[in-house]
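User: I've just opened this one and would like a walk-through. Start wherever you like.

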Amino acid sequence: MELMKVIETRQSIRKFKEEDVPVADLMEMAKAAGKAPSGKNVQNWHFVIIKNKDVMGKIAEAITERNAAIVEEMKKVDEGKALRFEKFCKNFTVFFLKAPALVVVLTREYLPSGYPEVTLVADAKREGTPVDLEKIGDVDTLLHSLKYEKNPGMQSLGAAIENFTLRAIDLGYGSCWLTSANYASKEIENILKEETSIDQNLFEEGFFMGAMLTVGVPGEVNKSPAKKDVEDFTTVFE
Ligand SMILES: Cc1cc2nc3c(=O)[nH]c(=O)nc-3n(C[C@H](O)[C@H](O)[C@H](O)COP(=O)(O)O)c2cc1C
């Protein structure tokens, strides 16, 4: 498909036909993901492709249980918000159970340029070396900003996930990107460790769940929320 057509066709798909997605096609999507750029080319991603309904069921159960635990406590504070959160989980998270494939995307921390360097100077200062931190500015704010605000590790992951998604559309499938299950990520990681053939070393190396994706042939398609006009999110200075 022509690139702009793929981009324009993309929308979040939450209902799927009962048609299979062959592993060969899912591997094509992963291959496209692997072509994405990443900070220092670290390629900080691992796609766990799950077509096994038992494992998908266990993941959905873990999310539902965790959601219920949060909802129970929320109810003591704000019943309305608690019920909305419960409903959100049903409509916007565990719908993946009806998709033919679920992809759990793992990632790992990436320390951006400047982070280890500034840390080196700050540590030296703490140990008594007469370095001048004033010249660098507020070290703690800078380190926090580099790692958590700019977060190039997550930027790289986003590029890979978008490539995966666009290739899915190119091959005639639909997809939905999910991060709303991240509050159950530890439980999901344990299911991957215990119930799948995943290389356990990945977790030793620091990989953790960053997002999930559903893939399937689109069923009923709802209208996507409106998008801003390009002028509203672009500044041109010539
Ligand atoms: C990082 C990210 C996280 C998302 N998490 C969820 C989610 O947990 N559940 C869901 O149903 N949709 C999720 N979405 C889809 C968005 O709701 C959707 O992209 C947005 O509403 C725009 O609609 P469109 O994708 O159809 O253009 C997520 C999208 C992104 C990029």
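Analyst: One term to begin with: a contact means heavy atoms within 4.5 Å. Of the contacts in the chain with a separation of 6 or more, 85% are between residues 24 or more positions apart. Keep in mind that this is a predicted model, where local features need pLDDT of at least 70 and side-chain atom pairs count only at pLDDT 80 or more, while totals for chains, interfaces and linings use all residues. Numbering runs from 1 along each chain as its sequence is written, and side-chain values use heavy atoms, with hydrogens and water left out.

User: Ok. How many helices and strands are in the chain?

Analyst: Nine helices and four strands, counted as DSSP runs (H or I for helices, at least four residues; E for strands, at least two) and numbered from the N terminus. The pattern along the sequence reads α-α-β-α-α-β-α-α-α-β-α-α-β. Taken along the principal axes, the C-alpha atoms fill a box of roughly 65 × 55 × 40 Å.

User: And what share of the residues is buried?

Analyst: 38% of the 238 residues. Buried is under 20% relative accessible area, exposed is over 50%, and partly exposed is in between, with a 1.4 Å probe and protein chains only. The chain exposes about 14400 Å², and carbon and sulfur atoms supply 53% of that. Those areas come from the Shrake-Rupley method with a 1.4 Å probe, and for residues only the protein chains shown count as cover.

User: Which residue caps its N-terminal end?

Analyst: Asn52, with a side-chain oxygen 2.9 Å from the backbone nitrogen of Asp54. A polar contact here is a pair of N or O atoms within 3.5 Å; within protein, one must be able to donate a hydrogen and the other to accept it, and residues adjacent in sequence count only if both atoms are side-chain atoms.

User: What do the buried residues of H3 pack against?

Analyst: S1, helix H4 (79-92), S2, H8 and strand S4 (208-216). Among the buried residues of H3 are Val55, Met56, Ile59 and Ile63, and also Asn67.

User: Switching to charges: how many salt bridges are there?

Analyst: The structure holds 12, each being a side-chain nitrogen of Lys or Arg within 4 Å of a carboxyl oxygen of Asp or Glu. Take Lys51 and Asp20, whose closest N and O atoms are 2.8 Å apart. Lys51 sits in the loop between strand S1 (45-50) and helix H3 (53-75), Asp20 in the loop between helix H1 (3-9) and helix H2 (23-33), and the two are 31 residues apart. Lys51 is partly exposed at 28% relative accessibility, and Asp20 is partly exposed at 48%.

User: Which residue does Glu195 pair with?

Analyst: Lys58, with the closest N and O atoms 3.3 Å apart. Glu195 is in helix H8 (residues 185-195) and Lys58 in helix H3, so the bridge ties together parts 137 residues apart in sequence.

User: And Lys147: buried or exposed?

Analyst: Lys147 counts as buried, at 15% relative accessibility.

User: Ligand next. How many residues surround it?

Analyst: 14, the closest being Ser12, Arg14, Ser180, Ser224 and Lys227. A residue is near a molecule or strand if one of its heavy atoms lies within 4 Å of it. Strand S3 (residues 174-178) gives the most to this shell, with three residues.

User: Which side chains have an N or O atom by a ligand oxygen?

Analyst: Arg10 is one of them, at 2.8 Å. Ser224 is another, at 2.4 Å. On its own the ligand exposes 610 Å², and the protein buries 71% of that.

User: Last one: where is Ser38?

Analyst: In the loop between H2 and S1. Ser38 is buried, with a relative accessible area of 13%. Leaving out residues up to four places away in sequence, Ser38 touches Gln43, Asn44, Trp45 and Ser156.
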